[in-house]
Amino acid sequence: MDKLHDIRSVPILIVDDEQFFRDLLNDILVSEGYMVQVAQTGQEALKMFSEGNYQVVLLDLVLPDILGTEVLVKMKEDDPDVAVIMVTAYASMESAISALRAGAYDYIKKPIIREDLVRSVDRALERQQLALRNKLLVKQLETRLREMRALSREKEEVFRILDEGLVIIEEDGSIFDLNPKAAELLGNGIEPLTGTDISDTGLPIPEDFLASVSGAGQPVRTLMELVGGSDKSREIELVGLTMEQPTGVDRYLLGLRDLTVIRELERNREDFLAVVSHDLKAPLTSLKGFVELLLDGEYRSEETLKKYLGVLETEADRMMSLINNLLDLGRLESENIHLQLALVPIPDILTYIVKSLEGMAGKKEVILKADIQDDGNLVVDADRRMIIQALVNLFANAIEYSPAGGTVQGVVRNVGDSVLVEVMDEGPGIPAEERERIFDKYYQVGPTSSGRMKGSGLGLAIVKTIVELHGGKVSMNEREDGQGSRFLVSLPVSDGRVS
Ligand code: ADP
């Protein structure tokens with residue numbers, strides 16, 4: 001009886017209009033140790049039921065106000081789990097069956113036999129106790145399930161937003177799942193990649209890699225080049241791990257870490273040090289040498305003095321220009337860069353540049369021309385100062401690399417939604433295999449064996465950064481006549497939103 005302990009503290013409701021039976025039922029149950037409450041009519045019983053907490057009800061089939069079966073149905077509506085035992089003086093098979101159909105748990109006949117009553121009540125209470133336990137269990141399971149779902153949603157979210165590619169593959173190499181970063185690296189969407197063989201994705205996993213992962217019991221790493229999603233090849237660190245499955249068939253978890261950006265930063269740092277040590281230290285050493293000569297009075301004529309001072313000025317200018325370029329690029333690459341956009345007519349810019357570089361071109365005996373093809377919209381939304389800086393860099397290079405007597409020509413025209421600026425010269429041009437890298441920071445075409453050439457290798461990187469900040473593109477190709485370089489800048493035509 002111990003298991004009924006809890007439920008015994010919940011009273012049993014006796015509903016009978018006859019005093020005699022009420023007392024009889026009451027006496028038997030109280031003597032058995034149950035708590036009991038009584039009602040005389042259907043109405044009273046329903047009111048008590050809706051206000052109280054009853055697990056078992058003894059309900060007379062015939063009541064003066066409402067039919068017992070009706071009371072039964074209402075109680076069941078209120079609490080479908082209640083165990084109602086019908087008590088009937090007319091113990092016909094028919095009335096018993098209809099009461100059971102209406103949801104009664106059991107029925108007992110009048111005259112009441114003590115053992116029958118106690119057995120039936122005991123059984124009902126036992127069932128209620130069990131039902132309560134089941135309910136509790138279901139509740140606990142539901143809570144656990146909710147927690148597990150929340151947990152797997154959290155994992156799913158981490159999987160989704162992780163900045164490393166994750167691919168889960170089956171033992172046969174087919175992709176079971178992958179996150180968006182992996183899909184991006186492999187150059188396809190999640191859906192089309194799911195189910196395909198990992199070796200068909202452009203990820204060249206070494207043949208023995210998965211085998212070594214299987215035996216390792218810890219993550220295995222390797223470096224590889226991925227020629228996948230983006231047009232550039234990427235350096236990838238691949239980390240492999242086995243995931244034991246309850247089914248016994250293992251899966252592999254592959255982590256793909258893109259090292260391209262880190263490597264690029266490392267290269268930039270090395271290049272930066274090379275530039276600083278060569279392009280700043282070397283001129284400084286020469287400056288110092290000349291200053292010492294001057295201090296020692298080691299010059300024979302006014303002419304030599306002027307020559308020395310001229311060298312000093314040139315070296316100082318070069319250092320100044322390098323430092324300015326470094327600072328400019330640093331600013332342009334900073335995340336808080338703010339463009340002061342205005343409507344900028346590119347023909348005006350071209351005219352302005354040609355005018356301001358006339359002196360430089362004249363010194364090199366280079367002819368500078370502007371060709372404005374004014375048959376479409378040539379206005380862009382731009383930061384005027386920046387656009388001038390980008391185009392000046394292109395024109396200055398063109399003049400710099402032009403032979404004496406050569407022509408540098410700037411052309412501006414409209415091509416659909418873009419304003420196109422061409423800067424052409426008649427210099428040596430740039431070999432095709434170098435063209436992709438000339439816009440990289442510090443890159444110079446064919447530095448001499450003694451080190452870097454004059455210039456910083458930053459001019460074109462500044463052009464590219466500025467043009468891209470304006471949503472445009474810059475490229476370089478050979479002139480159609482094969483004579484010299486042709487740089488192309490395209491900028492989106494103003495949509496009129498900036499005034
Ligand atoms: P730098 O300041 O060293 O000239 P840039 O970034 O402006 O750096 O140019 C990068 C490289 O591209 C230079 O080393 C140069 O050799 C090459 N280059 C740039 N413009 C021209 C051009 N118009 N003709 C030939 N070579 C050029």
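I take helices (H or I, at least four residues) and strands (E, at least two) as DSSP runs, numbered from the N terminus. The model is predicted, so I note that local features need pLDDT of at least 70 and side-chain atom pairs count only at pLDDT 80 or more, while totals for chains, interfaces and linings use all residues. Residues are numbered from 1 along each chain as its sequence is written, and side-chain values use heavy atoms, with hydrogens and water left out.

**Entry 1: loop between β5 and α6**

I found P111 in the loop between β5 and α6. The peptide bond joining K110 to P111 is cis, with omega about 0°. Most peptide bonds are trans.

I then looked up K110 and saw a salt bridge to D16, with 3.1 Å between the closest N and O atoms. A salt bridge here is a side-chain nitrogen of Lys or Arg within 4 Å of a carboxyl oxygen of Asp or Glu. This pair links distant parts of the chain, 94 residues apart: K110 is in the loop between β5 (106-109) and α6 (114-161), and D16 in the loop between β1 (12-15) and α2 (19-31). I count 25 salt bridges in the structure.

**Entry 2: E365**

I checked E365, which is not a glycine and yet has a positive phi of about 55°. Most residues other than glycine have a negative phi. E365 sits in the loop between α13 (358-363) and β12 (367-372).

**Entry 3: ligand**

I listed 20 residues around the ligand, the closest being N397, D425, Q444, G457 and L460; a residue counts if one of its heavy atoms lies within 4 Å. The shell divides into 10 nonpolar, eight polar and two charged residues, with Gly counted as polar.

For polar contacts I used pairs of N or O atoms within 3.5 Å. A side-chain N or O atom of D425 is 2.8 Å from a ligand nitrogen. A backbone N or O atom of G459 lies 3.3 Å from a ligand oxygen. The elements giving two or more residues to the shell are α14 (384-400), α15 (459-469) and β17 (485-492).

Key
Polar contact = N/O pair within 3.5 Å; in protein donor to acceptor, adjacent residues only side chain to side chain.
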